[in-house]
Amino acid sequence: MPTQPEVLAIEEAHRAAQARLGIAGAYLAIRDWNSVSATAAAATADQWLSRNLQMLRAIQRKSGRLAKAYYQLARAIETGYSLGLPETSADPEQVTMGDLRKQFLDLMLEIADIDKPTSASSNDSDERWLEDELRRNPSVANPLPSREINLNEIDSYIQDWLDAPTEIEDKTELEIDDFDWLDFSADEDRAREELEKQLLDVIDTRTEKVVKIADSEELSAKEAQGKIEKLHGDTGSIVAGLIDQAGMDAGRNILGHATRSDRRALMIARMTGPNPCAFCSMLSSRGFVYRSKQSAILSGNEIEKYHPNCHCFAVTRWADIPDPTAPGRAQFYMDAWEREVGRKYERRGTSNDALNQWRRFIYKENRARLNRIRQDVNAGILV
């Protein structure tokens, strides 16, 4: 029994929406980095740090709610059972597939319109603040750096899901498996404390490098200033990547807890973003692996490891399908690993040899895709 098309479309939509949240955090972080002094970052970063921790709180809440809604809906489509009640219902006797679809759609539309000036605002004060910041003209107070971050649009993913064929009508009533979902607030607090420590460590390291550059007798004043400004810009990119990851980790943690605790969860795989790094695409090439008490997944399998600027997510299968449909581009990477690496290196080389060969393949693949996009743009196919 192949995976239902609606589940595949939901997975794509969920990953894209989570990426939009992460990118929104990175956008605000790097936009406001201009308020931090290039020569005295440690002394001028307090306000920047406070704003970003407030922004992260809003992104965490949206990410966690979306992950829960995605998991409940995809699971219900595959099994007929929702994991706990949707956030809009308190009656386990009257939950329908339509309720779960509406919950997921409302959240997707909320995230799709997060930066739209004419859209309705959230009821949460932190989320309203986030929306206001994203909708504010950045040139008023904090001009964007030369490398602008653009939010990815997700309308096409929403439409693909709405157009996907389904075998289950909205009015279908669902059974409810009782479940204690991860406590959002406690997990959010821990994540913000960890992020604050990471950001301060990055800023302190950067400050030490600035001092060395300024004290260098081999550099002219102009050369030193140029190096400091470049270092400041590079640091802005680093902290933006950390904030991107921290925001999306809220949803990832929700899914990780659910998968490890859900008795119906059988298999897990990694779904990548459009242009994953060699490490992420290699993990995706493993396809689905069974989740069991003997499996390393329960103690932090690599499939659930993430890094800054990573827009991957774990996806689950609840039906014991012999050859389940892999998520996103995972099947492409599975075939490519066997073709490019498996036959050449796994039987006569080290794991490093195999990974290095994979890196070479992914580099060529990503370059070829970028060239095809450029050709399409030049030909007027893409605008």
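**Entry 1. Helices H7 and H8**

I looked up the packing of H7 against H8 in this predicted model, and found that their axes come within 10 Å and cross at roughly 165 degrees. H7 and H8 are therefore roughly antiparallel to each other, since an angle over 145 degrees counts as such. I noted the hand as well: H7 passes H8 in a right-handed crossing. Sorted by class, the residues of this contact comprise 15 nonpolar, four polar and four charged.

**Entry 2. The largest pocket**

I next asked which element gives the largest share of the lining of the largest pocket. I found that H8 does, with nine residues. The lining has 20 residues in total, and Gln245, Asp249, Arg252, Asn253 and Tyr306 are those nearest the centre of the pocket. H7, H8 and strand S5 (313-317) are the elements that give two or more residues to this lining. I recorded a volume of about 360 Å³ for the pocket. By class, I listed eight nonpolar, six polar and six charged residues in the lining.

**Entry 3. Cavities**

A search of the whole structure gave me three cavities of 30 Å³ or more.

The largest cavity holds about 80 Å³ of space. I read its lining as Gln60, Gly64, Leu182, Asp183, Phe184, Asp187, Glu188, Ala191, Asp249, Ala250, Asn253 and Ile254. Helix H3 (46-79), helix H7 (184-215) and helix H8 (221-261) are the elements that each give two or more of these residues. Five residues of the lining are nonpolar, three are polar and four are charged. I noted that Asp249 and Asn253 line this cavity and are also listed among the residues nearest the centre of the largest pocket.

How large is the volume of the second largest cavity? I recorded about 50 Å³. Its lining consists of Leu28, Arg31, Asp32, Arg51, Asn52, Met55, Trp129 and Glu133. The lining has three nonpolar residues, one polar residue and four charged residues.

**Entry 4. Helices H1 and H8**

I returned to H8 for its packing with H1. The two helices pack at an angle of about 145 degrees, and their axes are 8 Å apart. I noted the crossing of H1 and H8 as right-handed. On the H1 side, the contact is made by His14, Gln18, Ala19, Gly22, Ile23, Gly25, Ala26, Ala29 and Ile30. On the H8 side, I listed Gly236, Ser237, Ala240, Ile243, Asp244, Met248, Gly251 and Leu255. By class, this contact has nine nonpolar residues, seven polar and one charged.

**Entry 5. Helices H4 and H6**

I looked up a further helix pair, H4 (residues 97-112) and H6 (residues 155-163). They pack at an angle of about 160 degrees, with their axes 10 Å apart. That angle makes H4 roughly antiparallel to H6. I recorded a left-handed crossing for H4 and H6.

Which residues of H4 and H6 meet? From H4, I listed Arg101, Phe104, Leu105, Met108, Leu109 and Ala112. From H6, their partners are Asp155, Ile158, Trp161 and Leu162. By class, I found eight nonpolar residues in this contact, no polar ones and two charged ones.

**Entry 6. Asparagine 309**

My last entry concerns the backbone. Most residues other than glycine have a negative phi. I found that asparagine 309 has a positive phi of about 65 degrees, although it is not a glycine. Where does asparagine 309 lie? I located asparagine 309 in the loop between strand S4 (289-290) and S5.

Key: Residues are numbered from 1 along each chain as its sequence is written. This is a predicted model: local features need pLDDT of at least 70, side-chain atom pairs count only at pLDDT 80 or more; totals for chains, interfaces and linings use all residues. Side-chain values use heavy atoms; hydrogens and water are left out. Axes are lines fitted to C-alpha atoms, for helices over the stretch in contact, and angles run from 0 to 180 degrees between N-to-C directions. Helices (H or I, at least four residues) and strands (E, at least two) are DSSP runs, numbered from the N terminus. Angles under 35 degrees count as roughly parallel, over 145 as roughly antiparallel, 65 to 115 as roughly perpendicular and the rest as oblique. A crossing is left-handed if the near helix is turned anticlockwise from the far one by less than a right angle, and right-handed if clockwise. Contact means heavy atoms within 4.5 Å. Ala, Val, Leu, Ile, Met, Phe, Trp, Tyr, Cys and Pro count as nonpolar, Asp, Glu, Lys and Arg as charged, and the others, Gly among them, as polar. On a 1 Å grid over the protein atoms alone, a cavity is a set of points where a 1.4 Å probe fits but cannot get out, and a pocket is an open set with protein on both sides within 12 Å along at least five of seven lines; lining residues have an atom within 4 Å of a point. Grid points are joined across faces, edges and corners, and a volume is the space filled by probe spheres set on the points.
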